[in-house]
2 protein chains.
Amino acid sequence: MNKLKGAAILGQSGGPTSVINASAAGVFLQALKEENITRVYGAAHGIRGILNEEFYDINQEDVKELELLKTTPSSSIGSVRYKLKPLEEDDSEYRRLLEVFKKYNIRYFFYNGGNDSMDTCNKVSKFFKDSGYECYCMGVPKTIDNDLDLTDHCPGYASAAKYVATSIMEIKQDANVYDTPMVTIVEIMGRNAGWLTAASALASYKGNGPDLIYLPEVPFSLDKFYADVDRVYKENHGKVLVAVSEGVKTADGKYIPELLASNLAKDSFGHAQLGGTASVLAQKVKEKLNVKVRAIEFSLLQRCAQHLASKVDIEEAFEAGKIAVKEACKGTTDKMVGFKRHMENGKYKCEYVLFDLALVANTEKKVPLNWITPDHTGLTMDYINYALPLIQGDLKAPLEDGLPRFAKLKKVFVEKL
Amino acid sequence: MNKLKGAAILGQSGGPTSVINASAAGVFLQALKEENITRVYGAAHGIRGILNEEFYDINQEDVKELELLKTTPSSSIGSVRYKLKPLEEDDSEYRRLLEVFKKYNIRYFFYNGGNDSMDTCNKVSKFFKDSGYECYCMGVPKTIDNDLDLTDHCPGYASAAKYVATSIMEIKQDANVYDTPMVTIVEIMGRNAGWLTAASALASYKGNGPDLIYLPEVPFSLDKFYADVDRVYKENHGKVLVAVSEGVKTADGKYIPELLASNLAKDSFGHAQLGGTASVLAQKVKEKLNVKVRAIEFSLLQRCAQHLASKVDIEEAFEAGKIAVKEACKGTTDKMVGFKRHMENGKYKCEYVLFDLALVANTEKKVPLNWITPDHTGLTMDYINYALPLIQGDLKAPLEDGLPRFAKLKKVFVEKL
């Protein structure tokens, strides 16, 4: 058992999810119980909050509100998209972090995010170690993209997948309602990995899903797309439902919006800001096939629709946070809490395992190519069997006046030293 | 008591809702019990199904599946947007309807829809009466637009309102997550009446809603809009959440998308096909104020999100269908079932009342101007008190594999005579 006493801090990083706060609840509630942990802080906007010495005093929060974090979507203490510069280029931010950690005697660092965030956590951990500063650094995974390597799946994915599948089923009911032809194209998030778009196949499995599903794992051909739509249009009395990832690219590496506009905005991680894929495709189908087309973009809804969160997802996200704290207090460092799947007599069970941060940072796990049907417009039963256990159970925020009651944190800033 | 024996037919018309099938369940299950009613039919795609002699034999459906219609969104027997020509211009379709009704001895006609559909029901009823054909014609209201006159509210509205309020609360959680400025503009359905956009005020009432709400009831000024956004932007550290109706118009009568494009598509009722209001406004705000903006359109989701349906709404829609049948069998005709609100000791109670079809057809009830705040960017407590009782309770489709199990009708066509 580790005996190092000091404060703990949690940062939330990257795009929010329905369950990133469930992990925060796990971290906070466990940290408040640990003898080693003297104070519990929440960084305002991730790593930037630490650089700016802006963090909230979690010891002042009501436990009841911390419990409500389990069913509060998005990132309650604020998230950030911020990538530290490579140490060899510029070590000033690392030195600043060390200064802040020392000043507040922070000895337990928890970072909740995706690939980039695991990279940040790993870099910070290394720098502290090289500087001789004892600090236990643990990554807690989250990403609706489900693209973290090694772990079976990522917290946040299942809830977003449940939203995608349910909403597509409802859209299918609606889109078929008139006796006039209509091509409906739904755009789903996922920059490089098609996991979230794949979730629309769950709706098809239930008989209410897209006719055509396009993932970024395989090159997208406009000509094949026209031919696919035309075929379904003819077979299906003019009704076509398409699910497409925002990240599909042509064989020469162009995103769909680039086929119309030459410049794409970039976010601060240097990733292209996508969106508009469905509307560009809708416009192109309309021109080419002269049919009525509607584009729908799930936008933010798919990552914050807590009212459709998966109970399995919430519970796992909460556990991941708790385990990160327990492990750090035992002396574990430089690890990410991950999930291993066990199927026992057809029943799903999640085992919590630890992966080296260095191994998960900056790698992306994509949908296996052999889970994509040979015509590249659907998913095999391998995917369905993978995803179904994850979306089970409902656990939505308690209702007040018929509307969700989210956590209300006091968010008292820790006085700057 | 009416003794006329004959078949009954239900048509679904206009844009679907989360509860139009709940009314269908009410009509079908009640009609199957009535002695006067010899057969129960469902028109495929409303009035067009009758003109084409395409209707389903509801007597062949399983009662269990008809019960599931209560929690199945959209229009299970198919809807239509079709306006009969004025009788004085062309009576051929009326004569055709009469021919079909006579051929199948249809004596009970139920039409479920909004303003235009009540007009259709009224015209058909009049023609039958003038032709000496005894037939009991009843309107069952539905519209997410909530714009039918006389009735306190319309089935379908409350569920859509609950979706809007809940989703806006979730978006607010998400949109505030970074420490960088962001103007988020959410577009909500409603061609002329702002009822659905008003529902976003429920989120504001719960402390998680839009800063600015724009309804089509008052003229929209781009300059005032820029000033409003700029003010909130400065007051609120660059975070602005806007809810805007697709139907807002400038003082000279232009829809927002018309500010970019000169031609607007029209649907078959002759209504302009809107959409794109949020994205045009986002583009304009970006140009004018040079800030980061995101546009979100709820699109079809807001009218078919059964998973967020209001229990009150489902139960009232179901009752409205049942009562239409009971009344017709008593000899009532030419009426629409409507709702009257009673508040007893702060508890909401709905009384079912009958309105003349002629009075509700083709009139539109808008949000009262004195429910809109003087600065035209919010709603008063009058609206909140009006809407809150309607969105209470959850009643979502039973889950199967974690996903909704919607009704599966056999949809056996009645053999053409």
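Reader: How many residue pairs are in polar contact across the interface of chain B and chain A?
Author: This is a predicted model, where local features need pLDDT of at least 70 and side-chain atom pairs count only at pLDDT 80 or more, while totals for chains, interfaces and linings use all residues. Residues are numbered from 1 along each chain as its sequence is written, chains are lettered from A and ligands numbered from 1 in the order written, and side-chain values use heavy atoms, leaving out hydrogens and water. A polar contact here is a pair of N or O atoms within 3.5 Å, within protein one able to donate a hydrogen and the other to accept it, with sequence neighbours counting only if both atoms are side-chain atoms. With both residues at pLDDT 80 or more, the rule finds the following number of pairs: 35.

Reader: Which element gives the largest share of the side of chain B that touches chain A?
Author: Helices (H or I, at least four residues) and strands (E, at least two) are DSSP runs, numbered from the N terminus. Elements of chain B that each supply at least two residues to this side include α8 (200-205), β9 (293-297) and α11 (301-304). The largest share, ten residues, comes from α6(B).

Reader: Which residue of chain B meets R303(A) in a salt bridge?
Author: Happy to show you one! Across this interface the rule (a side-chain nitrogen of Lys or Arg within 4 Å of a carboxyl oxygen of Asp or Glu) finds ten salt bridges. At 2.7 Å, N to O, the side chain of R303(A) meets that of D174(B).

Reader: Which residues in chain B lose the most area to chain A?
Author: With contact taken as heavy atoms within 4.5 Å, 57 residues of chain B touch 56 of chain A. The two chains bury about 4,900 Å², 57% of it on carbon and sulfur atoms, counted as accessible area (1.4 Å probe) lost on being put together and summed over both. Together accounting for 14% of what the chain B side buries, the residues are E170(B), Y178(B) and L403(B).
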